[in-house]
Amino acid sequence: MRWVHAGEVPNIASLLKGGELLLTTGVGLGARPADQRAFVRTLADRGIAALVVELGPRFTRLPAALVDTARAAGLPLVQLHREVPFVTVTEEIHTEIVNGHYALLQRAEEVHRRCTQALLGGGGVPQVLGILADFAGNPVFLETPDGRLLYAAGAGPEGADPLQVWEGLRGPQKDAPAGSVLVEVPGGGPGTGSVRARLVVLPVCSPPAPVHRMAAERAAGILAVVLMQARQEEELAARGRGDFLTDLAEGRISPEDAPAQARVLGFKPGSSPLLPVVMRLGDSLSPAGGGWAVLARAVAEELASVGVPVLLGVRPVEGRVPLLLGLRAESERQAVADRVAAALRAGVERAGMRQPGAQPPVVVVGVAGGWAAAASGLRHAAQTATAAQGLTDRPWYDARRLDIDLLLWRLRDHPDLAAFVDRAIGPLRDHDNRSRPPLLPTLETYLAHAGRKAETARELHLNRQTLYNRLARIGELLGTDLDDPQTVLALSLALRARRHVG
């Protein structure tokens, strides 16, 4: 019911817009059954909410023609057996309608306020879409004007991933199901019809209410402002792919469902072995603002020359760039890893993120295999990339060869690890803090070369006697024999662990 109107003229339907509750004493109904039927049909065609007739001098009972026509047209018909002040009805219902509209506005404005606060707090489009999805109780999608998915938020029935919902209901060349909310996000450039994107709420968990459209319209206004920043759509698409890869790694997407969802994101490796790779950027390299869009584009352009299917994502919060590659055969792993690592580093350089003297990005390559192996490989590579920060720079690291570093990183907050480092190399650390030359670099190089003195001296640019003197001093300070295998193992672990315990 949109409004309440009282009237007694035969042509009252021409004065209405639809959705009204019409109050009448029946003066304008006409005396002939044909007039009464025509009166009801015109009201039904106009789409009024209901017809209320007050019995009295004009009618002591409603004419059969009136009742039958209303029933046939599906028009609710109410008869009042005693006098009711129409002004009281009008005031009461109008107040209810206005209060209802105000309540809807308040709820929609609350969503607008939360979205604004999220942006002011450093959030972006993913946070805005997440707030809207929570409010609507349905998955929400941001798509390009031509229907390409940019980002998905929320969950489908029984917690289904939104990409599954998109694949089934809103994929390319498919119309949105009835009851969907589609709101245009303005602000596109020439040739786009001034539409930057579309906001879509799909009715898969519950039918969207009018307030959900109001909230979507307000969210679209906020998104229009955010998307005015350069390349926001590119960054959103890269974030969406990064979310998919992270959900796969963390087990929130099953290996059975992953191929279909990957196809939605444009990754179609077929039955090829999948190679998981993660690049982690140090704190001094992490791009701010639109830098992730620049990085995603630069890396994607570099990877185009690798010649294999690639699914590239970004995870700004963790400072990571995860990706999956489709190999023709597992024997390609080494060669493809070399090309991918070079492309990733070149992309960082092109994005202007490599500062002089800063720690270079760390690239970790997992084990090739199917979707289940890709999930565990992405998780392992992501964790290893964090543990590998501070290691000697290499083009890329094999995740399997850094398991000791990963184990030590996981134990970084355990007091026993710090105590072990202190016992093993504490005297050397104390020496290097007060005396020169430092001895820890000599010990590290010596152990890296498995105790081969000639190679150690050559790398340190020392003569043999100087190296022997330093090794003797190290053994003296530590009170141990550097030729003992157990001592060598303990010292190697302590040197690797000291990066994590400070």
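Trainee: How many disulfides does a search of the whole structure find?
Mentor: A disulfide is a covalent bond between the sulfur atoms of two cysteines. The search here finds zero, counting a pair of cysteine sulfur atoms within 2.5 Å as a disulfide. For C115, the nearest cysteine sulfur is that of C205, 19 Å away. C115 is buried, at 0% relative accessibility, while C205 is partly exposed at 39% (buried means under 20% relative accessible area, exposed over 50%, partly exposed in between, with a 1.4 Å probe and protein chains only). Keep in mind that this is a predicted model: local features need pLDDT of at least 70, side-chain atom pairs count only at pLDDT 80 or more, and totals for chains, interfaces and linings use all residues. Residues are numbered from 1 along each chain as its sequence is written, and side-chain values use heavy atoms, leaving out hydrogens and water.

Trainee: And how many salt bridges does the structure hold?
Mentor: Side chains of opposite charge can pair when their charged atoms come close. There are 19 salt bridges here, each a side-chain nitrogen of Lys or Arg within 4 Å of a carboxyl oxygen of Asp or Glu. One of them joins R252 and D247 at 2.7 Å, N to O; R252 is exposed at 54%, whereas D247 is buried at 19%.

Trainee: Which residue does R498 form a salt bridge with?
Mentor: R498 pairs with E444, their closest N and O atoms being 3.0 Å apart. R498 sits in helix α17 (residues 485-501) and E444 in helix α14 (residues 440-448), so the pair ties together parts that are 54 residues apart in sequence. Helices here are DSSP runs (H or I, at least four residues), numbered from the N terminus.

Technical notes: Helix = DSSP H or I, 4+ residues; strand = E, 2+ residues; numbered from the N terminus.
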